[in-house]
Amino acid sequence: MEKTWNNKAWFMVLPVLVLVAFSAVIPLMTVVNYSVQDTFGNNAFFWAGTDWFLDVLESDRFWDALTRNLIFSAIILAIEIPLGIVIALNMPKRGIGVPICLVLMALPLLIPWNVVGTIWQVFGRVDIGLLGHTVTALGIDYNYVQNPIDAWVTLIIMDVWHWTSLVVLLCYAGLVSIPDAYYQAAKIDGASRWSVFRYIQLPKMKRVLLIAFLLRFMDSFMIYTEPFVVTGGGPGNSTTFLSVDLVKMAIGEFNLGPAAALSIIYFLIILLLSWIFYTVMTTSDAQG
Amino acid sequence: MMTNKQPLSQRLSWLVPTIYIVFLLLPIYWLVNMSFKETSEILGAFSLWPENPTLRNYRVIFTDPSWYSGYINSIIYVVLNTVISVTVALPAAYAFSRYRFLGDKHLFFWLLTNRMAPPAVFALPFFQLYSAFGLIDTHIAVAIAHCLFNVPLAVWILEGFMSGVPKEIDETAYIDGYSFPRFFARIFVPLIASGIGVAAFFCFMFSWVELLLARTLTTTDAKPIAATMTRTVSASGLDWGVLAAAGVLTIIPGALVIYFVRNYIAKGFALGRV
């Protein structure tokens, strides 16, 4: 759409600016402030320069948490994206099945995150949970409280349970926009199921898949509530992701300097990701 | 070969979503199942359905102030936040969808970074900022804090919907002598009513599900249900039945409106870009 140049539009944006400045800019400035200063208490601060940043960047704790985050994101993307595509391809296109599928599949997306954590904490317990009980009955040694691998498996299944529907719904939105004529043409040409997918459905889903990929990556990169509730970052540090570690550092240990430096580094990573997201969104908007 | 294989795979295609839905519903069923059991039954015998169904857990929640006040607190700040977010986002979204102005693209991007920012980064500064204003443990503090991600969300979603309304409608209305506020309230808002509904729903949802900031900014008076639940988790000798019932009750707001927003869920999560 052709937009007219009008700087008075600023007045319409002003309320948003003021509000977001109060809830984002001022707090962020506080963080910047802490990240370059040190204190011995009594609110007496002195300049620490880049010390905290070097501390954080040289600490194993940061790199370990970051590595865990990246591995976690990689695993859940590798599972959720293909799984979401397969389910979306097999969803009914019309009839009573459509609303039933949509409603039931959307259900996990609308459950509060801490309740998702609670559900899986209970569900996976060996003594009272259906999953834990069944798996143990099958003779598999499973205990997410003590075994790091089991904790990871639990968190990954939980995330797949929680978020695959988002990928499904996005892909489905892309699929239903394909006109029937495309499929009829493919049928006349005698195209195989695979070439229909490869040359008709996949290109039409490209944009929504990109959105799904970026959203899932970013949200899994910030994951906090679910691991906090299910494992509390344990056993040991095995499920301590960046967010969990940051809150532990800032609110638990009240370690302001390093926590602030870590926040800034974390925020810069997110900024880069957002920029990729934005570029993708606006260029594909322009293409129609 | 080909003619046999094709119908078979199509006839069986309903299996895939069905299996997936069963997988989705099992953990939820388990929670509902637990919520109708006495804690002794939960910890005692392992059973797939409640043998002595009881409403005791729900009765505890509806009679114990430390439980039901959690729901009331959550609802207060969530509604406050939804109203604030949508109200300020409406004119801003209109500006972004209709006009070009100095720094518009940067501003639009900056809003997005706030939606994407990890709340963990903001937990500590929020705590200090709101302490300085004496706002800790008030509903408005949480409502404003949640604007951090909900205002950008509402702006992006509304902008997506508004861009779908042809600009000729605005121009015709102005030629017909409508002033801007009258045009906006009488013609434009009804046109994007579904968009406003979707934006409000997602603001409600994201504020309802958020735990970290809500827990950091409250202690007792405005403590949300999410925090009440985690407190119970960490306490010893916890009441699993009541916890399950509390969980079931938090799912209900989403489950109630899910049918009406079913076609917009993908759009909402994708910030109005699908």
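This is a predicted model: local features need pLDDT of at least 70, side-chain atom pairs count only at pLDDT 80 or more; totals for chains, interfaces and linings use all residues.
Which strand of chain B does strand E1 (residues 4-5) of chain A pair with, and in which sense? Okay, hi everyone, let's start there. That partner is strand E1 (residues 99-100) of chain B, and the two run in the parallel sense, joined over two bridges.

On the chain A side, 78 residues are in contact with chain B, and chain B answers with 80 residues of its own. Which helix gives the largest share of chain A's side? That's helix H1 of chain A, residues 9-35, with 15 residues.

Now let's go to the nonpolar core. The largest one has 165 residues, and the members that touch the most others are Leu170(A), Ala89(B) and Val155(B). Helix H8 of chain B provides the largest share of this core, 17 residues. Both domains of chain B take part too, with at least three residues each from domain 1 (13-54) and domain 2 (67-269).

Let's zoom in on Ala89(B). Leaving out residues up to four places away in sequence, Ala89(B) touches Val151(B), Ala154(B), Val155(B), Leu158(B) and Ala199(B), plus Val16(A) from the other chain.

Next, those two domains of chain B. How far apart are their C-alpha centres? They lie 32 Å apart. Where the domains meet, eight residues of domain 1 are in contact with seven residues of domain 2. On the domain 1 side, helix H2 (15-35) and helix H3 (39-43) of chain B are the elements that give two or more residues, and H2(B) has the largest share, with four. By type, this side of domain 1 splits into four nonpolar, two polar and two charged residues.

Asp137(B) has a positive phi, about 70 degrees, although it isn't a glycine. Where does Asp137(B) sit? You'll find Asp137(B) in the loop between helix H7 (119-132) and helix H8 (139-162) of chain B. And why does Asp137(B) count as partly exposed? Because Asp137(B) has 17 C-beta neighbours inside 10 Å, while a buried residue would need 20 or more and an exposed one 12 or fewer.

Key. Residues are numbered from 1 along each chain as its sequence is written. Chains are lettered from A and ligands numbered from 1 in the order in which they are written. Two residues are in contact if their C-beta atoms, placed from the backbone, lie within 7 Å. Two strands pair if DSSP finds at least two bridges between them. Domain bounds come from an automatic or database domain assignment. Ala, Val, Leu, Ile, Met, Phe, Trp, Tyr, Cys and Pro count as nonpolar, Asp, Glu, Lys and Arg as charged, and the others, Gly among them, as polar. A nonpolar core is a set of buried Ala, Val, Leu, Ile, Met, Phe, Trp, Tyr and Cys residues joined through C-beta atoms within 7 Å.
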